[in-house]
There are 2 protein chains.
Amino acid sequence: MRSVYFTPGPSGLYYTVEHHLKTAFKSGITSISHRSNQFKEIFKEAETNLKLLLQLPDNYQLVFTSSATEIWEKLTDSFINTRSLHIVNGAFSNKFYKVVNNLNKEAGIIESTWGTLPEFASKTDKTYDLVGVTHNETSTGVKTPLNQLYRLKEQHPEAIIAVDAVSSLPVVDFDYTKLDTVYASVQKAFGLPAGLGVWLINDTAEERARKLSEQGVLRNSSHNIISLIDQARNYQTPSTPNVLAIYLFSQVVKDMIDRGIEQIRNDVIYKSAIMYNMLDKHSILKPFVTVKKLRSDTIIVVDSGSKTSQLLTYLASHKLMVGDGYGKMKGKQIRIANFPTHSKEQFEMLVDLIEKFE
Amino acid sequence: MRSVYFTPGPSGLYYTVEHHLKTAFKSGITSISHRSNQFKEIFKEAETNLKLLLQLPDNYQLVFTSSATEIWEKLTDSFINTRSLHIVNGAFSNKFYKVVNNLNKEAGIIESTWGTLPEFASKTDKTYDLVGVTHNETSTGVKTPLNQLYRLKEQHPEAIIAVDAVSSLPVVDFDYTKLDTVYASVQKAFGLPAGLGVWLINDTAEERARKLSEQGVLRNSSHNIISLIDQARNYQTPSTPNVLAIYLFSQVVKDMIDRGIEQIRNDVIYKSAIMYNMLDKHSILKPFVTVKKLRSDTIIVVDSGSKTSQLLTYLASHKLMVGDGYGKMKGKQIRIANFPTHSKEQFEMLVDLIEKFE
């Protein structure tokens with residue numbers, strides 16, 4: 001038996017990836033020109049499939065990058081003229097905040113301790129060009145409730161609302177009309193090999209970037225947002241892209257459409273429910289996030305304290321690989337990914353084993 | 001029979017790639033954390049293997065990017081304080097020149113018509129921060145003779161000599177002591193799927209970049225050269241990288257070491273010789289590059305004029321895929337890649353078929 005990866009990303013591959021990879025090799029997709037019509041068809045199909053899976057409004061444009069981390073810099077360059085605001089409650093939201101700081105923009109911060117979510121401002125504030133928020137903090141397993149997420153747009157009517165959905169897409173059913181730009185990596189809940197970032201940009205955000213470009217604030221780089229969008233409208237990319245990854249992405253998204261996104265989302269909720277239920281009753285382990293409405297469905301963080309290493313070894317002996325705690329929580333917590341590729345049967349087995357751990 | 005891709009890149013995969021891909025899947029490499037020791041070992045092995053294959057001096061550092069095109073911008077930011085000089089003799093050398101211009105640096109140019117190489121300056125010139133030269137112009141099939149390439153360092157003692165070796169590595173045996181930074185893509189002569197750039201940087205170049213960083217000329221970006229180098233010294237990357245591509249790269253480089261780089265280089269020269277010999281005698285086709293010492297071994301460009309489409313169809317009917325002319329030469333030329341993955345037998349078959357074309 002191969003190991004099952006419940007690691008928070010890179011994670012287990014979606015179960016159809018290996019099949020699509022074989023097809024890609026047989027049909028020579030790894031050798032086609034990225035300027036060919038054949039590539040354009042692949043890009044176009046990826047876009048069509050993703051728009052269908054996510055029910056993405058027509059005013060959103062999909063562009064590909066090589067990672068989500070790279071998008072933090074592009075968000076800074078594309079949308080921040082003067083200052084941004086960052087909701088920080090873990091390592092990844094903090095990294096975006098630092099990227100903005102390092103690029104000499106004025107970055108404001110609303111911060112909370114790990115495992116919680118800070119209070120969002122309650123009154124209207126028009127001083128920020130961008131508000132950065134992480135829907136699902138992969139380091140802590142805290143999710144931002146959607147009603148809170150959507151209020152950001154009302155509170156900051158002038159800002160571009162930029163949502164880190166790295167470990168949320170395609171599991172979370174966002175109302176995209178209440179956001180401006182959303183980005184993700186494919187090696188998390190899409191179940192693909194690392195090396196591709198997925199960036200969704202609405203027309204308001206695009207307009208803002210074009211304005212900053214005209215003003216000379218946004219550099220005339222061949223990989224900037226304008227170039228990415230203009231190329232994407234022709235199903236092209238500025239550089240030779242990871243063609244294979246785009247093909248695999250397109251195919252896996254199609255498989256998810258065929259399986260039914262409702263089914264996928266219900267399965268994730270079922271799996272998260274049985275895991276949290278068991279953890280709430282466990283004799284020595286407990287969920288890190290105590291407020292139930294903040295508990296992420298896709299990244300479940302467990303306080304395992306001094307038992308962490310023993311727990312990781314125990315699960316690994318059953319070929320079940322989970323993640324260690326992130327950063328300062330390394331050796332004190334485990335992190336369990338609950339993605340579409342993880343079957344209910346695999347998850348039930350994992351829950352049973354953790355339940356028996358003492 | 002599967003098609004054989006003699007396209008100039010993406011091109012045919014190195015014949016061991018499929019095997020390594022299977023191993024990668026079985027061993028779970030697509031699911032490992034890029035912060036794990038297992039990943040560090042993969043990166044380290046890739047570096048060790050490449051240094052051995054290329055006989056790279058110890059004062060060179062390897063970093064990975066997602067493409068070579070991306071490196072043009074990084075070269076601009078990392079090394080050019082005021083002005084650069086560009087040897088331009090085709091589409092790709094010209095693209096680098098344009099990237100520098102677009103980023104508001106003062107870019108000088110020495111230009112020649114396609115199919116030739118301009119005269120390099122003969123006297124010492126200390127006014128440039130960087131000299132950009134393309135060893136092998138993938139658009140035209142012109143190579144820069146190594147003695148001319150090496151003279152650039154003497155002529156421009158203050159400049160970083162930056163060599164586009166996109167369709168040259170690992171076939172060309174550079175004397176790296178006479179250059180400062182060299183970059184390539186893996187989807188050309190390395191025979192790998194697109195989605196990874198390979199960037200070699202010597203200590204002189206690194207020092208220059210660190211100076212520009214201290215002076216505030218180089219932005220404090222998490223993906224700038226300093227971050228890439230610092231992370232690479234610890235076998236890490238700033239973003240989640242294309243782990244699978246780095247693994248495949250490492251393994252293919254090892255296979256090339258085992259086969260023997262001398263053997264690989266001799267085979268390429270043999271194949272290019274039989275192709276050019278045939279073309280020189282052909283009744284209707286002729287090599288685009290007339291000066292023999294400028295003829296690229298790895299990218300062979302053929303003037304096929306009004307017969308181009310017919311020739312492409314004829315070869316495709318034999319499952320041999322070659323490239324169309326680039327840019328303005330589309331429909332007037334064909335381009336044939338001669339990479340390590342193309343066997344002598346395959347090449348002889350291609351030569352025979354082209355010889356019979358009329």
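**Reading a sheet and a two-fold**

Author: Asp164(B) sits opposite Tyr183(B), a residue of β9(B). Keep in mind that this is a predicted model.

Reader: Okay, how do I read that pairing: in which sense do β8 and β9 of chain B pair, and over how many bridges?

Author: General idea to start with: strands in a sheet pair through backbone hydrogen bonds, and they do so either parallel or antiparallel. Here, β8 (residues 160-164) and β9 (residues 181-185) of chain B are parallel partners, joined over three bridges.

Reader: And the sheet they belong to in chain B, what is its strand order?

Author: Read across, chain B gives β2-β10-β9-β8-β5-β3-β4, an open sheet of seven strands with mixed pairing. At the edges of it you'll find β2 (60-65) and β4 (106-111) of chain B; each has a single partner strand, so one side of each has no neighbour in the sheet. From one strand to the next, the twist averages 20°.

Reader: Which helix lies across β2 and β10 of chain B?

Author: That's α7 (residues 225-233) of chain B, running at about 105° to β2(B), with β10 spanning 197-202.

Reader: Now the two chains. What rotation superposes chain B on chain A?

Author: A rotation of 180°, with 0.0 Å of shift along its axis and an RMSD of 0.0 Å. The two copies are therefore related as by a two-fold rotation axis. Look for Ser66(B): its C-alpha is the nearest to the axis in chain B, 3.2 Å away.

Definitions and conventions. Residues are numbered from 1 along each chain as its sequence is written. Chains are lettered from A and ligands numbered from 1 in the order in which they are written. This is a predicted model: local features need pLDDT of at least 70, side-chain atom pairs count only at pLDDT 80 or more; totals for chains, interfaces and linings use all residues. Side-chain values use heavy atoms; hydrogens and water are left out. Two strands pair if DSSP finds at least two bridges between them. Helices (H or I, at least four residues) and strands (E, at least two) are DSSP runs, numbered from the N terminus. Axes are lines fitted to C-alpha atoms, for helices over the stretch in contact, and angles run from 0 to 180 degrees between N-to-C directions. Contact means heavy atoms within 4.5 Å. Copies are superposed by least squares on the C-alpha atoms of residues with pLDDT of at least 70 in both.
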